[in-house]
Amino acid sequence: MPRSRPLRLAALVAVLAAAVAGCGDAGGLRGAGPTETAVGPDKLWPQLTPASSPAYVIGEVNREVVQGVAVSGGDIHAVDPVAVVRREIAESPGDYTGDRAPYRETGRLMAQCGAGAGHGRCPVLRPYYRDLTGDGRAELTLGFRLLPGRTTAVRVYTVEKQRLVRVMSWDDAVSGVELARRSVIIRSPSEVAGYEYRLQWTWEPDQKAMLLTHDEMLRTGPHPPKTPKPSRSPSASSSASPSAGTP
């Protein structure tokens, strides 16, 4: 630390003291009150045998090479986002073709994508490019609407050895998507007024994929309390669940 710094601090303290004296109590420091005593966590049911395998398989690691999509020169900017979505649709035609298909409108509107993603009635949204893996090269983040519902598919792709690789996949009722450093953050509406779900995927080099690292329910603003409703019978009640998605 430079020797001159203590002298500068002493001079600054003297100036501040004179200012406080001249202005009375205005701007003076005030105590914040007693600090709450820290309490350590209590471990519950220590007699339970720790689980060694997950109860549900939700596909934490989503990593798949996309077949049939060329990556010219290894540059992901040369990949056509509409062609990528069409390839995914071709892998699950029953979801997009037919009057009873859940995403039949998406399948029908793909014919409107002649001008490219993000134009006209094309369900493929504008693509974004950002280095999410830290290797200095951009990844492709794209989304497309799953119609006639209100769900949006969010995907992240990278290039490895001239191959297009999907490293993140999520379908949800989306209210916002953000890219921050090595992460993709998806905000979704909650059943509880004044709250939203916020899910964050972060690049994991060991898995070479985006992993779900944060799953939170956060307050979005003040809302008046609702009048409590009579509780339903156990047979008619349903448990609350996080925002729906298909990893």
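**View 1. Helix α3 holds both Arg108 and Glu105.** These two residues of helix α3 (residues 104–109; a DSSP run of H or I, at least four residues) stand three residues apart, about one turn of the helix. Arg108 is partly exposed at 46% relative accessibility, and Glu105 is partly exposed at 25% (buried means under 20% relative accessible area, exposed over 50%, partly exposed in between; 1.4 Å probe, protein chains only). The model is predicted: local features need pLDDT of at least 70, side-chain atom pairs count only at pLDDT 80 or more, and totals for chains, interfaces and linings use all residues. Residues are numbered from 1 along each chain as its sequence is written, and side-chain values use heavy atoms, with hydrogens and water left out.

**View 2. Arg155 forms a salt bridge with Glu88.** The closest N and O atoms of this pair are 2.7 Å apart. Arg155 belongs to strand β4 (residues 151–160) and Glu88 to helix α2 (residues 81–91), so the pair ties together parts that are 67 residues apart in sequence; a strand is a DSSP run of E, at least two residues. Arg155 is buried, with a relative accessible area of 3%, and Glu88 is also buried, at 12%.

**View 3. Asp135 forms a salt bridge with Arg137.** The closest N and O atoms are 3.3 Å apart. Asp135 is partly exposed at 39%, as is Arg137 at 44%. Elsewhere, salt bridges that share partners join Glu64, Glu88, Arg155, Arg166 and Asp171 into one network.

How values were computed: Salt bridge = Lys/Arg side-chain N within 4 Å of Asp/Glu carboxyl O.
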